[in-house]
Structure formats: C-alpha cells, structure tokens
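Subject: Structure handover

Hello,

Here is the structure we talked about. Please look it over, then read the notes below.

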Amino acid sequence: MDAEPYDFKGATFDLAAPADRELVRFILSQALYGEATGVYCGKSLYAAGSLEAARFYLRQARQELNHLELFAEIFRKLEMDPLPAHWVVRLLSAHNNYYPLKVMMEHALGEGMVLDIFREVLLQTLPDSDPRVADIKKKLTVVCREEEEHVAWGEKETMRLLAEKPWLKKPFYGLLELQLTVAPMIAQAFADRAQGHTVLAQVPGFVAHVRARMWKQAQRLGFAPAERPGFAARLWAMAWGVALFVRSQFARSTSKLEHVYLKELGFAP
Ligand SMILES: [Fe+2]
Ligand SMILES: [Fe+2]
C-alpha cells in the first residue's frame with residue numbers, strides 16, 4: 001500500500017433513493033465490464049513466458065470469472081440492470097498483447113485503480129443500514145483480496161522488466177501521465193450525475209488521493225521521477241508512451257511455453 005485509504009467521512013448512498021441507485025448502478029456497471037475483460041487474461045496464458053506466469057494467469061482467469069459472477073449476483077440482489085461501460089473503462093481495460101505494457105498498465109496501474117474503487121468507494125459508501133449490504137461487502141472483500149494479488153503480480157513483473165529493459169522507463173512514465181489525465185474523466189462523468197450529493201462531494205478529494213497514490217506507486221516501481229518535470233519533459237515522455245502504445249497494437253500474441261518448458265521444468269541447462 002502506498003497510502004492510507006481515502007476517508008469518505010461516513011458519506012453513504014441510499015439504496016432506496018432512485019438517484020442514488022443510478023449512481024451505484026453506474027459504478028457497478030463499470031466493475032462488471034472490467035471483470036468481463038479480466039476473464040480474457042486467458043489470452044495471456046497462451047502467451048505466458050514462464051511456468052510462473054502460466055500458473056498466475058490460470059489462477060487469475062478463474063478468479064476474474066468468479067468476480068464477474070459475484071458482481072452479477074450483486075446486481076440481482078439490488079434489483080438493478082447493468083449499463084454499458086463508459087468509454088474510459090473500455091479504453092483502459094482493452095487487452096494488450098505486448099507483455100511489458102500489459103503488466104504495467106493493466107495489472108499494476110489498472111487493477112490498482114480498480115482496487116481503489118472497490119476497497120475505498122464501494123466498501124465505504126454502501127450503507128450498512130441496508131440488510132443486503134453485509135453480504136455484498138463480504139463478496140467485495142473476497143474480490144479485493146484477489147485484486148491485490150493481481151496488482152502484486154503486475155508490480156513484480158514491471159520491476160523485473162524495467163531491470164531488463166531500462167529504456168522502458170521513459171515511455172512508462174509518459175503512459176502514467178496519460179493515464180492520470182484520462183482516468184479522472186470518468187470521475188467527472190460520475191460527479192456530473194448528481195451535484196451536491198454527500199458522496200459526490202468527496203469525489204475530487206478521492207481523485208486527488210488516487211493520483212497521489214499512483215504517483216508513489218510508479219516511483220516505487222522505478223519509472224516516475226522524484227520530482228514531476230516541467231511541461232515539455234512531460235510532453236516528450238507522453239510522446240514516447242504513445243509511440244510504445246501504438247507499437248504495442250501491432251504486437252502478436254505468440255505462444256512461448258513450448259520453447260522454454262524443458263528449461264522451466266529443470267530438464268535443460
Ligand atoms: Fe477482478
Ligand atoms: Fe483482477
């Protein structure tokens with residue numbers, strides 16, 4: 001953990017009020033879509049470069065499929081129908097065949113943000129006074145514990161790859177800057193839905209908290225500088241980030257285990 005959890009100061013949604021239900025439905029709909037895309041980490045199992053990675057993606061696919069079903073149960077319990085996902089969520093959860101970007105953007109940063117929303121927003125703002133919430137929070141706690149594992153994997157792999165390919169630092173930093181620009185747009189879309197709400201009044205503070213946490217995370221992983229550089233340097237890093245992202249869109253998913261399995265199993269030097 002890079003920071004203390006954000007404190008919503010007891011602000012909660014009212015699950016009987018139609019306007020609040022719409023807000024909760026909006027958050028849960030993004031979560032449901034994210035979990036559906038999480039399931040296609042099965043594609044990463046095909047491209048796994050080590051037995052450790054294969055083991056992780058096998059486990060993750062099973063967990064994400066379970067999360068998808070848990071969120072569906074939450075929708076049913078609250079008698080809500082899911083909405084289509086917001087474009088930012090679609091963009092940030094798109095699969096990337098280029099492994100270094102996948103582990104950094106999807107697991108370390110992306111699932112890190114997902115965890116912030118599940119652990120800090122949902123677990124704090126669903127009202128304990130509602131009899132349905134205890135069971136929902138139990139489910140969410142299971143999901144959070146598993147998302148922590150996914151973030152930890154992304155961080156471990158990001159650090160390994162940065163040690164192997166230090167040139168990735170600059171584009172990774174640029175992508176962090178881009179993500180910090182794009183991600184708050186979804187909070188804005190959310191905040192615009194009901195002004196003056198006690199939970200929504202906390203949204204700007206929460207966004208600032210997430211940005212600060214991501215910045216510390218990126219410093220700990222070794223690709224964000226100690227001091228945020230000036231605009232020109234940020235722009236240059238973002239251009240590198242975009243170039244790497246564009247290049248990643250042409251990466252193909254190729255199988256690797258059949259080339260390394262003997263070494264991985266300890267049969268070859
Ligand atoms: Fe998940
Ligand atoms: Fe996950």
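First, a definition: helices (H or I, at least four residues) and strands (E, at least two) are DSSP runs, numbered from the N terminus. On that basis the protein chain has 10 helices and 0 strands. From the N terminus on, the order is α-α-α-α-α-α-α-α-α-α. The radius of gyration is 19 Å, close to the 18 Å that the globule rule gives for 269 residues, so the chain is as compact as a globular protein of that length. (That radius is taken over C-alpha atoms; the rule is 2.2 Å times the number of residues to the power 0.38.)

Two conventions. This is a predicted model, where local features need pLDDT of at least 70 and side-chain atom pairs count only at pLDDT 80 or more, while totals for chains, interfaces and linings use all residues. Residues are numbered from 1 along each chain as its sequence is written, chains are lettered from A and ligands numbered from 1 in the order in which they are written, and side-chain values use heavy atoms, with hydrogens and water left out.

Now the metal site. The iron ion (ligand 1) is coordinated by Glu35 (OE), Glu35 (OE), Glu64 (OE), His67 (ND1) and Glu147 (OE), at 1.8 to 2.7 Å. Donors are N, O and S atoms within 2.8 Å of the metal (3.2 Å for Na, K and Ca); water is not among the atoms, so sites may look incomplete. The donor residues are spaced E-x28-E-x2-H-x79-E in sequence. Distant parts of the chain are linked here: histidine 67 sits in helix 3 (residues 51-77) and glutamate 147 in helix 6 (residues 133-164), 80 residues apart. Histidine 67 and glutamate 147 are both buried. Buried means under 20% relative accessible area, exposed over 50%, partly exposed in between (1.4 Å probe, protein chains only).

Chain totals next. Of the 269 residues, 49% count as buried. The C-alpha atoms fill a box of roughly 65 × 45 × 30 Å, taken along the principal axes. Among contacts (heavy atoms within 4.5 Å) between residues at least 6 apart in sequence, 84% join residues at least 24 apart.

One last residue. Valine 242 is in helix 9 (residues 231-248). Valine 242 is partly exposed, at 41% relative accessible area. Glycine 174 is 68 residues from valine 242 in sequence, but 7.7 Å from it in space, C-alpha to C-alpha.

Best wishes
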